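Please walk through the fold of this model, from its sheet to the helices and the cores.

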Amino acid sequence: MTIKLKKLDTKSDIDLFAKYKVSLIKLHQQYAEKIGLNDQKVKEYDENDAIRHIGKSNYYQFIIIYNTQEVGIIEYNIETSDIDNLKILYIKNIFIDSKYRKLGIGKAVLLEIRKQTNLRIELECWYGMPANDLYKNLGMKEIKTRYIWNQ
């Protein structure tokens, strides 16, 4: 398996990034609705929201290439953890096109990111999405769970 992270160099890269990121947010919306939550932030999300961090300091966006196919995106930033004030790499978004899931691509991407940094890596996964299993299988520790109790 060949995995490559391609920086956003062209308008078509940015357009593809926006498309995939909107798809990710719409997937979040589906999982929110499954638990009876009407998440207004994800409901109104669009391409302009998707690209708002491109070009900002300490933000990094990549197209994930599997063999020769563009199959997803990853976006992260370098920030201070709100847990202990240490500098971390915070994965904001990772998305693999549904046609390419369950092939180990997400795992390979996360292992590559881990190899490239000496910073602690943090991320969030909402609404009980299946990606939680990947993160746990990689040995990530769950540090926060948020519950709701509807009236």
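Two strands count as paired if DSSP finds at least two bridges between them. Helices (H or I, at least four residues) and strands (E, at least two) are DSSP runs, numbered from the N terminus. The model is predicted, so local features need pLDDT of at least 70 and side-chain atom pairs count only at pLDDT 80 or more, while totals for chains, interfaces and linings use all residues. Residues are numbered from 1 along each chain as its sequence is written, and side-chain values use heavy atoms, with hydrogens and water left out.

The sheet is open, with five strands in the order 1-2-3-4-5 and mixed pairing. Its edges are strand 1 (3–7) and strand 5, each of which pairs on one side only. From one strand to the next, the twist averages 35 degrees.

Strand 2 (residues 59–66) pairs with strand 3 (residues 69–80) in the antiparallel sense over eight bridges, and F62 stands opposite I74 of strand 3. These two strands form a hairpin with two residues between them, where N67 in the turn has a positive phi of about 55 degrees. Strand 3 is also joined to strand 4 (residues 87–96), antiparallel, by nine bridges. Here N77 stands opposite Y90 in strand 4, and E79 has I88 as its bridge partner. The hairpin of strand 3 and strand 4 has six residues between the strands, and N85 takes a positive phi near 65 degrees.

Strand 4 pairs with strand 5 (residues 120–123) in the parallel sense, over four bridges. The bridge partner of I91 in strand 5 is L123. Strand 4, helix 4 and strand 5 make a right-handed β-α-β unit; right-handed means that, with the strands pointing away from the viewer, the path from the first strand over the helix to the second runs clockwise.

A nonpolar core is a set of buried Ala, Val, Leu, Ile, Met, Phe, Trp, Tyr and Cys residues joined through side-chain atoms within 4.5 Å; buried means under 20% relative accessible area, exposed over 50%, partly exposed in between (1.4 Å probe, protein chains only). The largest such core has 19 residues, and those with the most contacts inside it are I64, I74, I91, I94, I105 and V109. Strand 2, strand 3, strand 4 and helix 4 (105–116) each give two or more residues to this core. A second, separate core of 14 residues includes L16, A32, I65 and I73.

Methods: Axes are lines fitted to C-alpha atoms, for helices over the stretch in contact, and angles run from 0 to 180 degrees between N-to-C directions.
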